[in-house]
Amino acid sequence: MKTVLLTGGTGYIGSHTAVELIDAGYKVVIVDNLSNSTVDSIDGIERITRVRPDFVKANCSNLSEMEDLFRKYDGFKSIIHFAALKAVGESVEKPLEYYSNNLVSLINLLQLMKNGGGGNIVFSSSCTVYGQPDILPVTETSPYKPATSPYGNTKKIAEDILRETINVNDSIRGIALRYFNPIGAHPSAEIGELPLGKPDNLVPFITQTAIGIREKLQIFGSDYDSQDGTALRDYFHVVDLAKAHVLALKRLEETRNKTGFEVFNVGAGKGITVLEIVKTFEKVSGVKLNYEIVGRRAGDIEKVWADTSLANTEMGWKVESTLEEALLSAWNWEKKIRQVKS
Ligand code: UD1
């Protein structure tokens, strides 16, 4: 059985990926410092798969803690690196925390991989590296745009670190997946997104408003160039994103990648407005959402969606779930964690 280390594996995308990896026959070891997640997701993973992943509480940016972890497991040949701070606004307030946490953790992992004779790494990147692209849909060859936040900059710099390290270390191979906007939860409602405090992201804010935790959703901006004036993003189901990680890892293991380091867009390939999300949510949940339209949010771009041809042809990946399914799963998860009967 192949072992894979998931850093940040108790978090939103990590926990869904753990399920898909276990289902694909991998042994999963999760390391997480629980700064923005809880061990409850380990129970959820176990209830879905009937397998309990190993869990180690440690901080990836602490080298000695990572050395202990690698020693305990005799190194790792496969790593999926999710662990990172991801709140855009907070990163503007605390740039050093973001640079230090997000970059030192990656450097530690690469150093330990190198010392251990190499291996495969899949990295969580983001469409934020494209900024506001000039041409849509955006392809992997579209240029980097200056980041609008330290968080976004950590993703760009992390890609550089991976590319430059892999260029001179044949034993390390890597894939960065540039996520667009993953939403939803596992259809079992055993795991899902659980933001601590007030959510920054759209869908958790919608579900928390619908359940009554938040009074109303604020829609940021109605003067964008779109069919209804609200901003366009590429929303897709988190389970589809989780599956992309399994395919990326397999590609690395089978050395099917053309160069040591590759990047792939992962999204549905379609621009959806904020109002369309609200309307679709209302339709699938049967709940009328309280919302108001306010001014633009600082740092937001107008529109972005992916060209996913490369992931389709090279990794054999495609989106399987609909927007309706994704939003319904997010709603079922919200109801489950708040113990509301449908
Ligand atoms: C943001 C980050 C992205 C990061 C991702 C994950 C930016 C520019 N991008 O994506 O880099 O990877 O979060 O944390 O910050 N919206 C509302 N009301 C709300 C919340 C959101 O109208 O209460 C709108 C936003 O203005 C945006 C859309 O919904 O148009 C999606 O927002 P969000 O879910 O925060 O994702 P991004 O901003 O696309």
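Reader: Before any numbers, what counts as a cavity here?

Author: A cavity is a set of grid points where a 1.4 Å probe fits but cannot get out. This is a predicted model.

Reader: How many cavities of 30 Å³ or more turn up in the whole structure?

Author: The search finds two.

Reader: How much space is in the largest cavity?

Author: About 80 Å³.

Reader: What lines the largest cavity?

Author: The lining has 14 residues, and those nearest the centre are Glu 193, Pro 204, Thr 207, Ala 330 and Trp 333. Helix 7 (202-211) and helix 11 (323-337) each contribute at least two residues to that lining.

Reader: And the lining by class?

Author: Eight nonpolar, three polar and three charged residues.

Reader: Which residue just after helix 7 has a positive phi?

Author: Gly 212, with a phi of about 105 degrees.

Reader: OK, the second largest cavity. How much space, and which residues line it?

Author: About 50 Å³ of space lies in the second largest cavity. Its lining is made of His 81, Ala 83, Ala 84, Asn 102, Phe 123, Thr 154, Lys 155 and Ala 158.

Reader: Which helix gives the most to the lining of the second largest cavity?

Author: Helix 6 (residues 150-167), with three residues. By class, the lining of this second largest cavity divides into four nonpolar, three polar and one charged.

Reader: What is the lining of the second largest pocket by class?

Author: Seven charged, six nonpolar and three polar residues.

Reader: Switching to packing. Which residues touch the most other members in the largest nonpolar core?

Author: That core has 42 residues, and the ones touching the most other members are Val 4, Leu 6, Leu 21, Val 28, Ile 80, Leu 177 and Phe 180. Several elements each supply at least two residues of this core, including strand 1 (3-7), strand 2 (27-32), helix 8 (238-253) and strand 11 (261-266). Helix 8 gives the most to this core, with eight residues.

Reader: What else is there, apart from that core?

Author: Another core lies apart from it, with 29 residues, including Val 56, Tyr 73, Ala 83 and Val 263.

Reader: What does Val 28 touch, leaving out residues up to four places away in sequence?

Author: Val 4, Leu 6, Ala 18, Leu 21, Ile 22, Pro 53 and Asp 54.

Reader: And strand 2, why is it called largely enclosed?

Author: Strand 2 is largely enclosed by the rest of the structure because five of its six residues are buried.

Reader: Strand 1 and strand 2: parallel or antiparallel?

Author: They pair in the parallel sense, over five bridges. In one of the pairings, Leu 5 has Val 29 of strand 2 as its bridge partner.

Conventions. Residues are numbered from 1 along each chain as its sequence is written. This is a predicted model: local features need pLDDT of at least 70, side-chain atom pairs count only at pLDDT 80 or more; totals for chains, interfaces and linings use all residues. Side-chain values use heavy atoms; hydrogens and water are left out. On a 1 Å grid over the protein atoms alone, a cavity is a set of points where a 1.4 Å probe fits but cannot get out, and a pocket is an open set with protein on both sides within 12 Å along at least five of seven lines; lining residues have an atom within 4 Å of a point. Grid points are joined across faces, edges and corners, and a volume is the space filled by probe spheres set on the points. Helices (H or I, at least four residues) and strands (E, at least two) are DSSP runs, numbered from the N terminus. Ala, Val, Leu, Ile, Met, Phe, Trp, Tyr, Cys and Pro count as nonpolar, Asp, Glu, Lys and Arg as charged, and the others, Gly among them, as polar. A nonpolar core is a set of buried Ala, Val, Leu, Ile, Met, Phe, Trp, Tyr and Cys residues joined through side-chain atoms within 4.5 Å. Buried means under 20% relative accessible area, exposed over 50%, partly exposed in between (1.4 Å probe, protein chains only). Contact means heavy atoms within 4.5 Å. Two strands pair if DSSP finds at least two bridges between them.
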